[in-house]
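User: I have a structure here that I would like to go through with you. Could you take my questions one at a time?

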Amino acid sequence: MSDLRVTPDEYNHAKYDVEHGDDHLGVIFDETPAGLSRGGWAAWSPKAKRRDGIVGFFATKEDAAAAIAKTHGIDMAAPEEPQKNCVSILGGKVHGLTPLLNANEDDVFPRCRTGASSHQGTRYITTTAALTCSNCLAQEEYRRRARSAA
Ligand SMILES: [Zn+2]
């Protein structure tokens with residue numbers, strides 16, 4: 001689902017092309033400056049049910065892109081992998097997982113502590129259990145807000 005691309009049109013700054021792989025799925029028009037209550041992102045697809053190609057109007061560009069993809073049979077609401085967290089092999093609080101580039105499966109570190117020195121002597125394993133560490137919960141909340149503000 002990550003290969004859905006929404007790119008601004010070269011010539012029309014209010015228009016976005018929605019592409020998937022080599023296929024052009026449709027276009028989104030940014031009508032947010034008009035402040036319409038129906039949703040400012042207008043989605044258009046050649047496979048829309050309506051003859052005029054309008055898929056609908058959406059509150060976000062992402063929702064509009066997902067709706068366009070759906071007219072092509074691409075379901076962007078596919079379930080994501082369960083969130084992976086981590087916990088010390090000795091037990092205790094469940095932490096967020098630090099994303100590591102080129103990580104080995106064995107490189108598991110809690111997100112709330114940075115600096116490798118603080119991890120020495122403690123091994124962590126991944127878990128799908130819910131976060132219980134207050135630091136990691138606060139960071140998760142912060143990221144959620146940052147995402148929705150974007
Ligand atoms: Zn933590």
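User: To start, is E62 buried or exposed?
Analyst: E62 counts as exposed, at 55% relative accessibility. Buried means under 20% relative accessible area, exposed over 50%, and partly exposed in between, with a 1.4 Å probe and protein chains only. This is a predicted model, in which local features need pLDDT of at least 70, side-chain atom pairs count only at pLDDT 80 or more, and totals for chains, interfaces and linings use all residues. Residues are numbered from 1 along each chain as its sequence is written, and side-chain values use heavy atoms, with hydrogens and water left out.

User: Which element is E62 in?
Analyst: E62 is found in helix α1. Helices (H or I, at least four residues) and strands (E, at least two) are DSSP runs, numbered from the N terminus. Between the C-alpha atoms of E62 and M76 there are 9.9 Å, and the two residues are 14 apart in sequence.

User: Which residues of α1 are buried, then?
Analyst: Those are A64, A65, A67, I68 and A69. They pack against β1 (4-8), β2, β3, β4 and β5 (54-58). Contact here means heavy atoms within 4.5 Å.

User: What does A64 touch?
Analyst: Leaving out residues up to four places away in sequence, A64 touches I28, W41, A43 and F58.

User: What follows α1?
Analyst: G73 follows α1, and its phi is positive, near 80°.

User: How many residues does the largest nonpolar core have?
Analyst: The largest nonpolar core has 15 residues, and those with the most contacts inside it are L4, V18, L25, I28, A64, I68 and A69. Such a core is a set of buried Ala, Val, Leu, Ile, Met, Phe, Trp, Tyr and Cys residues joined through side-chain atoms within 4.5 Å. Two or more residues come from each of β2 (15-20), β3 (23-30), β4 (41-44) and α1 (61-71). The most come from α1, which gives 5 residues.

User: Now the overall layout, please. How many helices and strands are there?
Analyst: The protein chain has 2 helices and 8 strands. Starting at the N terminus, their order is β-β-β-β-β-α-β-β-β-α. The chain has 150 residues, of which 30% count as buried.

User: What is the accessible surface?
Analyst: The accessible surface of the protein chain is about 10300 Å², and 52% of this belongs to carbon and sulfur atoms. These areas come from the Shrake-Rupley method with a 1.4 Å probe; for residues, only the protein chains shown count as cover.

User: How do β1 and β2 pair?
Analyst: β1 and β2 run antiparallel and are joined by 5 bridges. Two strands pair if DSSP finds at least two bridges between them. A hairpin links β1 to β2 through 6 residues, and P8 stands opposite Y16 in β2.

User: And what about β2 with β3?
Analyst: β2 and β3 pair in the antiparallel sense, over 6 bridges. Their hairpin has 2 residues between the strands, and G21 in the turn has a positive phi of about 60°. K15 stands opposite F29 in β3.

User: What joins β3 to β4?
Analyst: 4 bridges join β3 to β4, and these strands run antiparallel. D30 has W41 in β4 as its bridge partner.

User: Changing topic to the metal: what coordinates the zinc ion?
Analyst: The zinc ion is coordinated by H95 (ND1), C112 (SG), C133 (SG) and C136 (SG), at 2.0 to 2.3 Å. Donors are N, O and S atoms within 2.8 Å of the metal (3.2 Å for Na, K and Ca); water is not among the atoms, so sites may look incomplete.

User: What is the geometry of the site?
Analyst: The site is tetrahedral, with angles of 96 to 122° among its 4 donor atoms. Four donors count as tetrahedral if all angles lie between 85 and 135 degrees.

User: How are the donor residues spaced in sequence?
Analyst: Their spacing is H-x16-C-x20-C-x2-C. H95 lies in strand β7 (residues 94-96) and C133 in the loop between β8 (124-127) and α2 (134-149), so this pair ties together parts that are 38 residues apart in sequence.

User: Is H95 buried or exposed?
Analyst: H95 is buried, with a relative accessible area of 9%. C133 also counts as buried, at 6% relative accessibility.

User: Lastly, where is A138?
Analyst: A138 is in helix α2. At 46% relative accessibility, A138 counts as partly exposed. A138 and C112 are 9.5 Å apart in space, C-alpha to C-alpha, and 26 residues apart in sequence.

Note on methods. Tetrahedral: all angles 85-135°; square planar, octahedral: opposite > 155°, others 65-115°.
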